[in-house]
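Subject: A structure for you to look at

Hi there,

Here is the structure I promised to pass on. Have a look at it first, and then read my notes below.

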Amino acid sequence: MVDASQELERGRTSFERRAWLDAYTALSEADRVEPLEPRDLDLLATSASLIGRMDEYLAVLERAHLAYVERGDNLAAARDAGWLGMTLAIRGEMGPASGWFGRAQRLVEREGRDCVEQGWLLVPAVFQREAAGDYDGAHEVAAQAVGIAERFGDSDLAAIALHAQGVMRIKQGSIVEGLQLLDEAMVGVTADSVSPVVAGIVYCGVIAGCEEAFEVRRAQEWTDALTRWCDGQPQMVSFTGRCLAHRAGLKQLHGEWRDALAEAKLARERCEEAMNRAATGQALYQQGELHRLQGEFEAAESAYREGSAFGREPQPGLALLRLAQGDVEAAAAMTRRSAAEAAGPFARATVLPAHVEAMLAAGDLDEARRGADELAGIAAAGKRTMLDAISAHARGEVELADGDPGAALVALRQAGRLWQELDAPYEVARVRVLVGLACRALGDEESAALELAAARDSFERLAAVPDIARIDLLSDRTASDLHGLSARELEVLRLVAAGKTNREIASELVVSEHTVARHLQNIFAKLGVTSRTAATAFAFQHELV
């Protein structure tokens, strides 16, 4: 016969030791024999949530809430109601979530006195304002919650609200202040003065904030800390999926693609088990990215689509997939839409690099330059190494396409150095391809060959199949075959040979007449001719048209 008191004590002890499955098992057994008191129901609910049994978590927490109501403990009941609402909101069940928030509000008002629960009622309002794009309002409400938390000494509320303040500042573009707030939120977490659920929420939120701010080194540090925190609780399921997803993203950046894909797949399983739709969608998007980079296009498409079903916008990955598949029109339409929709500097910085690539592929040099210029402005304001690298890369792409390989090399050399600092081998290799093309356009074929060979070696190590194919295609026709002409110069030459005027060429390529004239000067110099007629004759003679 089961001794309920013995199981209850075992459950409480296991909870203190953070052996969540043991705590759940013992408390469940005790509850089966004799219904638990509401405080022990809270422990059972927390244990259920940390082992990923979210339906049971909700059911047990509702029981605890009702037990508190029956006892007239309105504030404890309100707190449980608030957590029920937040959990349902994360799952996308906004109607029931709103109902629980309303009940929590009514219970606090019924109590009729100043209390910390008033601060907790502000938390849903923070995220409601964030969803509406009102970052100033969200920050203000979060600041009010911090004040209440400090007044009542509630470290859980302080950590949640400080983290929210930091995220809002980052979304507004105030990186330094935002990161300082995130670091302050982590003080309670690293000091082990917050509850395990709040610790997990803040860990993941802080890392996501660092990623949004393109703060790679800080994201790496907090991800390592989160990994240690998770490893110290081997029976925990919740938060381990998000930890794996963060690790997968960093491993992808550092070129550890095989491990990154394995962790992204496991992250998807863990996040889905914990019923976290947003995190599941992000893990699927990361799978799509890794499949795309390795040329596994069907698997990438499937992952993007499945992630979209979980609410994760599949851009810019899906647009880059279409570009890799040769569907430039679809890619351009996707990046135009996502760039127009993106709000806030860092959200835009996430989609603009793909937009620049798509616009260059579509021949819209002016729009590509506008995207690169905007990235430069964001990078100047953000002052982050990764933003600088992204901006320099885009600027180099545009200058190369615009027929100015000298200017392209200045930007690309900067991008290469910065990506090297960040230990991002794939990005370094992508830059080296462009450097090779710039050297080729300047007539330095030997340096071009060295750059392309080095890039190919990196792509081989990464198994970046589409990039290997591109280099092989570039190597099939050397600079001597093209007489040093860039891809855009060759395009202009073919239009000249077709009898087009500068104005007509400018209209067709969506560039200025000044740009066309500069291309022609470069073409004449490289071909050793002095007129359009001679350039046309040269093109036909050497089978360039």
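This is a predicted model: local features need pLDDT of at least 70, side-chain atom pairs count only at pLDDT 80 or more; totals for chains, interfaces and linings use all residues.

Residues are numbered from 1 along each chain as its sequence is written, and side-chain values use heavy atoms, with hydrogens and water left out.

Back to helix 2. Its buried residues (under 20% relative accessible area with a 1.4 Å probe, protein chains only) are Trp20, Ala23, Tyr24, Ala26, Leu27, Ala30 and Asp31. They pack against helix 1 (4–16), helix 3 (38–50), helix 4 (54–71) and helix 12 (196–212), where contact means heavy atoms within 4.5 Å.

Next, helix 10 (residues 155–171). Of its 17 residues, 16 are buried, so helix 10 is largely enclosed by the rest of the structure. At its start, a side-chain oxygen of Asp154 comes to within 3.1 Å of the backbone nitrogen of Asp156. After helix 10 comes Gly173, with a positive phi near 95°.

Now for the cavities. A cavity is a set of points on a 1 Å grid over the protein atoms alone where a 1.4 Å probe fits but cannot get out, and its lining residues have an atom within 4 Å of a point. The whole structure holds 3 cavities of 30 Å³ or more.

The largest cavity has about 100 Å³ of space, a volume being the space filled by probe spheres set on the points. Helix 5 gives the most to its lining, with 5 residues. By class, that lining has 9 nonpolar, 1 polar and 2 charged residues. (Ala, Val, Leu, Ile, Met, Phe, Trp, Tyr, Cys and Pro count as nonpolar, Asp, Glu, Lys and Arg as charged, and the others, Gly among them, as polar.)

The second largest cavity has about 40 Å³ of space. Arg430, Val433, Phe459, Asp467, Arg470 and Ile471 line this cavity, and helix 26 gives the most, with 3 residues.

Enjoy exploring!

Best wishes

Notes
On a 1 Å grid over the protein atoms alone, a cavity is a set of points where a 1.4 Å probe fits but cannot get out, and a pocket is an open set with protein on both sides within 12 Å along at least five of seven lines; lining residues have an atom within 4 Å of a point. Helices (H or I, at least four residues) and strands (E, at least two) are DSSP runs, numbered from the N terminus. Buried means under 20% relative accessible area, exposed over 50%, partly exposed in between (1.4 Å probe, protein chains only). A polar contact is a pair of N or O atoms within 3.5 Å; within protein, one must be able to donate a hydrogen and the other to accept it, and residues adjacent in sequence count only if both atoms are side-chain atoms.
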